[in-house]
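Work through the exercises below with the sequence and the structure at hand. Each task is followed by a solution in steps.

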Amino acid sequence: MPRRPAGTLQWMDLTSPHAEELRAFYAAVVGWKSTPLDMGGYEDHCMAPPGGGDPQAGICHARGSNAGQPGGWIPYVMVDDLDASIAEAERLGGEAATAVRGDAATGRFAVIRDPHGNTLALYEDPGPVELAKEEGERTG
């Protein structure tokens, strides 16, 4: 899969203590189809367009690895260098709202808070070159 350019929307997540209610709400309101995602003891939901296709959003329980996520919808935007983007956000008066999660093989992300308190997730995709190299190391 080709890497999306920096600045483009990658994903959206909604984290809530009422994930099941909101999954049903958005399925009814916008027609999203839900696919459960096992989180080890409970399920979050990947939401896909009604006609099929790749999921576009996640509706997540505010527990487990998402316990510290800010509430509300959080868009994930592509960046070329996650660490540099976080540093720039902090230099401009923002802050990291979560620790960096993920890894170099599958992608890394973190939520930032801008100087006015709004949240946005930054996502660094490893891209096809890094993924191909990682696959070669596992099989070679």
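**Exercise 1.** State whether Glu-95 is buried, partly exposed or exposed, and find its salt-bridge partner.

Solution. Step 1: Glu-95 counts as partly exposed because its relative accessibility is 38% (buried is under 20% relative accessible area, exposed over 50%, partly exposed in between, with a 1.4 Å probe and protein chains only). Step 2: its salt-bridge partner is Arg-113, with the closest N and O atoms 2.9 Å apart (a salt bridge is a side-chain nitrogen of Lys or Arg within 4 Å of a carboxyl oxygen of Asp or Glu). Step 3: Glu-95 is in strand E6 and Arg-113 in strand E8, so the pair ties together parts 18 residues apart in sequence. Helices (H or I, at least four residues) and strands (E, at least two) are DSSP runs, numbered from the N terminus.

This is a predicted model: local features need pLDDT of at least 70, side-chain atom pairs count only at pLDDT 80 or more, and totals for chains, interfaces and linings use all residues. Residues are numbered from 1 along each chain as its sequence is written, and side-chain values use heavy atoms, leaving out hydrogens and water.

**Exercise 2.** Describe the salt bridge between Arg-91 and Glu-88.

Solution. Step 1: the N to O distance is 2.8 Å. Step 2: the two residues are about one helical turn apart, because they lie three residues apart in helix H2. Step 3: Arg-91 is exposed at 59% relative accessibility, whereas Glu-88 is partly exposed at 35%.

**Exercise 3.** Which residues of strand E4 point each way?

Solution. Step 1: strand E4 spans residues 57-61, and five of its five residues are buried. Step 2: Ala-57, Ile-59 and His-61 point one way, Gly-58 and Cys-60 the other.
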